[in-house]
Amino acid sequence: MGATGRRGGKANKQAQETLPDQVAELEEVMANGKPKMNGTVGKIDERIEKEENIFLFIPNVIGYSRIILAIASLYYMPLHPRTCSLLYSVSCLLDALDGLAARRYNQSTTFGAVLDMVTDRCTTSCLLVFLASAWPRWSIAFQGLISLDLASHYIHMYATLTMGAQGQSHKKVDSSRSRVLHLYYTNRTVLFLFCSLNELFFIALYLLSFSSPLLTPSLLLNTNANGDPNHPSTLASSAQPGHPANPAPSTLFLNPWSAGALEAARANKMDSTVPWILAGLSAPVCLGKQVINVIQLVKASRWLAEGDVEARKRRRREEGKKDT
């Protein structure tokens, strides 16, 4: 008890010795007022900024997971339509989740916006590349969709960065410039429906390339005189050149009972009813999305041209002042 009392007395003595210093510091803060507090808050903010890692923000981590899922879907795309469609769809749906996370945790960043846009453009382009290889006769249409998508978004982003206010988001479009784009980018429901149904249409086409003999005649295998569907003459007469859904089995799988061979066999037996329904429901929205891309391309080009006109006027005025 004596030792405990001595330690307690020593602690009280130390507290009494430091108390005047603490009181003096508090009085100094109160005397100096707001500037002192602003300096302290500024140091805290600076320390937080140094410790922040933009690359590990929650929305950006979700963006990285989207990329991983997209790469996995591309791996399964040639022969595993069900697995590919699932992975691709989840990757697209996470596009809405990262935006919610950015607003919820106040972690909206320019890097995150660019990452989101680049991921969207790359995944859609990769799927359209597959569709172009699945239907070579329509490859020019899919190549045109890829070009329109990339060009419209790139020019719109560039116009926003060069002509808009500092730090302005590409989704902030004034209604006076384009009512359609203003509604498209500011209404989250409209944006989600157009983007999701646009991707759904392409996914439906992807599934139809494995299931619809109407679009893919090579799915209807003829048999030769001996009734062998795998006879070279049968494959030569039924296979559509360049079509990935029905390659010669012997060129892909040494073992006809392997996982890949069985999945390919199941793919060719897919029912096309659901993909046709999905394609029919989403086709009008997909067409509307391409119209929006054209509007975005035209409006952004005009915005850049307006900036060029103003820049040329300023240069002429400066040159006129120098001459005088």
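This note walks through the fold, the cores, the salt bridges and a surface patch of a predicted model.

1. **Basis.** The model is predicted: local features need pLDDT of at least 70, side-chain atom pairs count only at pLDDT 80 or more, and totals for chains, interfaces and linings use all residues. Residues are numbered from 1 along each chain as its sequence is written, and side-chain values use heavy atoms, with hydrogens and water left out.

2. **Fold.** The protein has 12 helices and zero strands. Helices (H or I, at least four residues) and strands (E, at least two) are DSSP runs, numbered from the N terminus. Of the 324 residues, 33% are buried. Buried means under 20% relative accessible area, exposed over 50%, and partly exposed in between (1.4 Å probe, protein chains only).

3. **Main core.** The largest nonpolar core has 24 residues. Such a core is a set of buried Ala, Val, Leu, Ile, Met, Phe, Trp, Tyr and Cys residues joined through side-chain atoms within 4.5 Å. Leu 127, Leu 131, Phe 142, Phe 202, Leu 205 and Tyr 206 have the most contacts inside this core. Helices α4, α5, α6, α8 and α12 each supply at least two of its residues. The largest share, nine residues, comes from α8.

4. A salt bridge is a side-chain nitrogen of Lys or Arg within 4 Å of a carboxyl oxygen of Asp or Glu. The count is five. Arg 66 pairs with Asp 120 at 2.6 Å, N to O. This pair links helix α3 to helix α5, 54 residues apart. Arg 121 and Asp 149 meet at 2.7 Å, N to O. Arg 121 is buried at 13% relative accessibility, and Asp 149 at 7%.

5. **A partly exposed pair.** Arg 177 and Glu 306 form a salt bridge at 3.7 Å, N to O. Arg 177 sits in the loop between α6 and α7, and Glu 306 in helix α12, so the pair ties together parts 129 residues apart in sequence. Arg 177 is partly exposed at 29%. Glu 306 is partly exposed at 41%.

6. **Surface patch.** Ile 54, Phe 55, Leu 56, Val 61 and Phe 111 form a nonpolar surface patch, with about 440 Å² of accessible area together. Patches take residues with over 30% relative accessible area and no salt bridge: like charges are joined within 9 Å, nonpolar side chains (Val, Leu, Ile, Met, Phe, Trp, Tyr) within 5 Å. Accessible areas come from the Shrake-Rupley method with a 1.4 Å probe; for residues, only the protein chains shown count as cover. Ile 54 lies in the loop between α2 and α3.
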